[in-house]
Amino acid sequence: MDNLQEEARMNFEALLKNRYPGRSIVMGGDPSGEYVIQVYWIMARKEEHRNRVLVDRGDRIMTDVADTTKPRRDSSITIYNAMRERKGFYVVSNGEHTDTVLEQCMDDGFEFSHAMRHLEYEPDKPTHTSRIMAMYCHDPITALQPYFQIGIVRKSAHGAGCERNVYQYDSFPRGFGVCITTYKHDGDPPPTFCNDPYLLRIAYTDPYTIALQFWSALDEENRVALAVKSINVKSGESTFKIINKYKKV
């Protein structure tokens, strides 16, 4: 456990120093072992890209425009369901593929990796932003073994094609999770994140305190919005906490 804590501490310190990891996902377990935690955050460097908030629509968390009077980006890659859930499937992603993954895994019986086969990185040359996603699957009624999956679709280092990686986890140690980001760090364009998901500490149980933990780690200038979903492993019920830098007007 000491080794895990040291690894997670070093990774968190690196996150603190990282001015621009981009959109990111953290998934793991709280210290009590009673909740699965999913975290999603948005970062942006340009003013028109920052004009966003995360909003709670009851059964989903989605992005929305903060100030409709300001210039906006193409909504096809900025407005999407970031978190959704149905019947024991809990999906979070950085784009419209939240719906693709949830619907194919549930309705068509496909595996997580199969749902990714038709996804490509975002058409935002020259950045080529990766599509990242995570899913927790557990049905308390049937008591099926829960599992966790994280995926990334990124531009290949050897051409214009895609690399698709899936990471599967049976469980996480209490109070730990893993993080995946779209970018390694700031740059022009920012370089694509190409490592495995890295270990982080989830130090709290309360969604609000967890939200503050990660919000405080993000660059103050570039952070835009963050959401935490806490899922009760026995009942499957979830609660949310959202922090937005900007107000919806």
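Since the model is predicted, local features need pLDDT of at least 70 and side-chain atom pairs count only at pLDDT 80 or more, while totals for chains, interfaces and linings use all residues.

Let's begin at strand β8, residues 147–155. Strands here are DSSP runs of E with at least two residues, numbered from the N terminus. Seven of the nine residues in β8 are buried, where buried means under 20% relative accessible area with a 1.4 Å probe, protein chains only. Strand β7 (residues 131–137) runs antiparallel to β8, and seven bridges join the two; strands count as paired if DSSP finds at least two bridges between them. In that pairing, A134 has I150 of β8 as its bridge partner.

β8 also pairs with strand β9 (residues 162–169), again in the antiparallel sense, over eight bridges. Here K155 stands opposite C162 of β9. The two strands make a hairpin with six residues between them, and G159 in the turn has a positive phi of about 155°.

Now move along to strand β12, residues 223–232, where nine of the ten residues are buried. Strand β2 (residues 35–43) pairs with β12 in the antiparallel sense over nine bridges, and I42 has A225 in β12 as its bridge partner. β12 pairs with strand β13 (residues 238–244) too, antiparallel and over seven bridges. For K229, the bridge partner in β13 is F240. Five residues sit between the strands of the β12 and β13 hairpin, and G236 there takes a positive phi near 80°.

So what about the nonpolar side chains? In soluble globular proteins, they tend to be buried together. The largest nonpolar core in this model has 50 residues; a core is a set of buried Ala, Val, Leu, Ile, Met, Phe, Trp, Tyr and Cys residues joined through side-chain atoms within 4.5 Å. The residues with the most contacts inside this core are V26, V39, Y40, W41, F214 and L226. β2 gives the most to the core, with seven residues.

Take V39 as an example. Leaving aside neighbours within four places in sequence, V39 is in contact (heavy atoms within 4.5 Å) with a list of residues including I25, V26, M83, F214 and L226. There is also a second, separate core of 14 residues, and among them are V91, A115, C137 and V153.

Notes
Residues are numbered from 1 along each chain as its sequence is written. Side-chain values use heavy atoms; hydrogens and water are left out. Helices (H or I, at least four residues) and strands (E, at least two) are DSSP runs, numbered from the N terminus.
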